[in-house]
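I opened a notebook page for this structure. The entries below follow the order in which I looked things up.

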Amino acid sequence: MNYAQTLGEKAKAAAPKMAAASPEKKNAALRAISEALIAKTDEIINANALDLKAAQENGMSASMQDRLRLTKARIEGIANAVTELIAMDDPIGSVIQGSIRPNGLRIMKTRVPLGSIGIIFESRPNVTVDAATLCLKAGNTVLLRGGKEAIHSNMCLTNIMREAVNSAGLPMDCIQLVEDTSRETAADMMRLNGYLDVLIPRGGAGLIQAVVKQATVPVIETGAGNCHVYIDKCLPSEDDYEMAVKIVDNAKTQRPSVCNAIEGIIVHENVAEKILPMIKSALDAHDVVFYGDEKTAEILGECVLPATDEIYDTEFNDYKISVKIVSSIDEALSHIAKYSTKHSECIITKDLDAAQRFQREVDAAAVYVNASTRFTDGGEFGYGAEIGISTQKLHARGPMGLSELTTVKYLIEGSGQIR
C-alpha cells in the first residue's frame, strides 16, 4: 500500500462517522477551527513566512506571492468565513422532493454527502481551510494536496484544524493533507478508486488538464479562468464610457491572480478609439502590459505587444491583458467561444437585445451584463465559502457551495408492495 492509499483508507474509514454527524456536532467543530485559527495566528504567519522566503528565492512573481501570502487580516477573513458556514443551513438530510406512487410507495429524494473528496490545488493556503471546512459542513471527508510552494502554511493550517476537529468529537482524519508533494504521489492520488468518490482540481489550466488526463477517479473541473469583457458599440453617454473603464479596471487589477479576473478585452471598432486610451490610462496605474492586434497598436502605439493565438489563449494571473478589436457582436462571440475557459464572461452595453443575446449564446458558468467578473464567488453569490468555480456541466457548474458537495439518496417506504 503506497502513501496515498494509506491516507485514502483513513479518509474512507472516517466517512461513515462524518455522514452520521449531527449539524450541532459539525458546527461545534467549525467553531473550534475558527477560534483556533485566530488563537494561532502568529504560528500560521511564521509558517507562511518560510513559504514566502522560498518563493522569493525561487523568483515567484509578485502576483503569485500575493496569492501565497497570509496576513493577520487575511487569517481573520478565513476564520470569519468558517464562522459564516456555521450559520448556513446544513444540506444533509434535507428532502429535495417526494411523491406517493399509485401503488402506495412513498419515495423521498434526500441530500447525502458525496463521501470522500480529494482536492488538488496550487499555492493558495486559504483554499486549505475553505475546502476542509466546506467538506466538513457537508458531511464529507477530504484529502488535500496543495502545491509545494505552500507546504509549510498548509501543514500548519491542517494540524490546527485536525486538533480542533478532534476536540469537538469528530474524527481528525476527516481532514488530511498530502504532505508528500511529489508528482508520483499526486498521480497515486488521482487513482484512488475505492477510496475517493470525487477529485476536484483547483488551479490553473495546466493543473486541471493534467488531472483530467491522468485521473481514474471522477473529476470536477474548476478554476481555469480565461475571462473576457466585451465592450459593445452601444455606449450612448460619457457615464457609460466611465462605467466600462471602471469595470475593466476592477476586473483586471483588483486581484489579477485569481480565476475570476479578466485576461482579455474585446472592443467594438465603433468605440475603440475613444475607450481604449481611457482604459490604458486607468490600467497604467498598475503598469499593466498590453497585448493586442494591429488595430489596437494603431490606437495605443508602440506599448502594445503583438497578440498571438497563444497570447489570447493564456490565463496570465498577472498585470497583463490582451485586446481584440471586432466589427460586430458576432465576431466577439466567436472570439470568446474560441478562447474562453467557460468561467465568467461580461458584456458592457446599453443595448438590451445585445445583452440578452450575449447572455443567451455565451457558454460559461457566469455571464454578466455591466458588472465585473470578480463577483463570480461563492461568498458574493450568497453561498458562503466555495470549493471552487466549476467550469464543466456535470455534476455542478459555477460556484460550488455546500449543496454542490452532496449527492442524492432515494428513501422508499412500502407496506409489502412487489412488482
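Before listing any packing, I wrote down that contact means heavy atoms within 4.5 Å. Helices (H or I, at least four residues) and strands (E, at least two) are DSSP runs, numbered from the N terminus. Axes are lines fitted to C-alpha atoms, for helices over the stretch in contact, and angles run from 0 to 180 degrees between N-to-C directions.

I noted that this is a predicted model, in which local features need pLDDT of at least 70 and side-chain atom pairs count only at pLDDT 80 or more, while totals for chains, interfaces and linings use all residues. Residues are numbered from 1 along each chain as its sequence is written, and side-chain values use heavy atoms, with hydrogens and water left out.

Entry: the seven-stranded sheet.
I looked up the strand order and found β10-β9-β11-β8-β7-β12-β13, an open sheet with parallel pairing. Two strands pair if DSSP finds at least two bridges between them. β10 (305-306) and β13 (366-369) each have a single partner strand, so one side of each is left without a neighbour in the sheet. Helix α11 (residues 269-283) packs on this sheet and touches β7 (227-231), β8 (262-268), β9 and β11. The direction of α11 makes about 145 degrees with that of β8. Helix α15 (residues 352-361) lies across β7, β12 (344-348) and β13, and runs at about 170 degrees to β13.

I picked Ser322, which lies in strand β11 (residues 320-326). Strand β9 (residues 289-292) runs parallel to β11 and is joined to it by four bridges. Tyr291 has Ser322 as its bridge partner in β11. Leaving out residues up to four places away in sequence, Ser322 touches Glu263, Gly264, Ile265, Tyr291, Ile311, Tyr312 and Phe316.

Entry: the four-stranded sheet.
This open sheet has the order β5-β4-β3-β6, and its pairing is parallel. β5 (175-177) and β6 (198-202) are the edge strands, each pairing on one side only. From one strand to the next, the twist averages 20 degrees. I counted five bridges between β3 (residues 116-121) and β4 (residues 141-145). Among the residues of β4, Leu144 is the bridge partner of Ile119. Helix α1 (residues 3-20) lies across β3, β4 and β5, at about 150 degrees to β4. Helix α9 (residues 205-214) lies across β3 and β6, at about 160 degrees to β6.

Entry: salt bridges.
A salt bridge is a side-chain nitrogen of Lys or Arg within 4 Å of a carboxyl oxygen of Asp or Glu. My search of the whole structure gave 17 of them.

Arg255 and Asp66 form one, at 3.5 Å from N to O. Arg255 is in the loop between α10 (238-253) and β8, and Asp66 is in helix α4 (residues 62-68), so I noted a link between distant parts of the chain, 189 residues apart. Arg255 is partly exposed at 22% relative accessibility, and Asp66 is partly exposed with a relative accessible area of 22%.

Lys274 and Glu238 form another, at 2.3 Å from N to O. This pair links helix α11, which holds Lys274, to helix α10, which holds Glu238, 36 residues apart. Lys274 is partly exposed at 34%, and Glu238 is partly exposed at 47%.

Lys393 also forms a salt bridge with Asp363, where the closest N and O atoms are 3.5 Å apart. Lys393 counts as exposed at 55% relative accessibility, whereas Asp363 is partly exposed at 30%. Which residues are linked in a network of salt bridges? I listed Lys342, Asp363, Lys393 and Arg397.

Entry: a nonpolar patch.
Ile96, Val408, Tyr410 and Ile412 make a nonpolar surface patch of about 350 Å². Patches are made of residues with over 30% relative accessible area and no salt bridge, with like charges joined within 9 Å and nonpolar side chains (Val, Leu, Ile, Met, Phe, Trp, Tyr) within 5 Å. Accessible areas come from the Shrake-Rupley method with a 1.4 Å probe, and for residues only the protein chains shown count as cover. Strand β16 (residues 406-413) gives the largest share of the patch, three residues. Tyr410 is found in β16 and counts as partly exposed at 47% relative accessibility.

Definitions and conventions
Buried means under 20% relative accessible area, exposed over 50%, partly exposed in between (1.4 Å probe, protein chains only).
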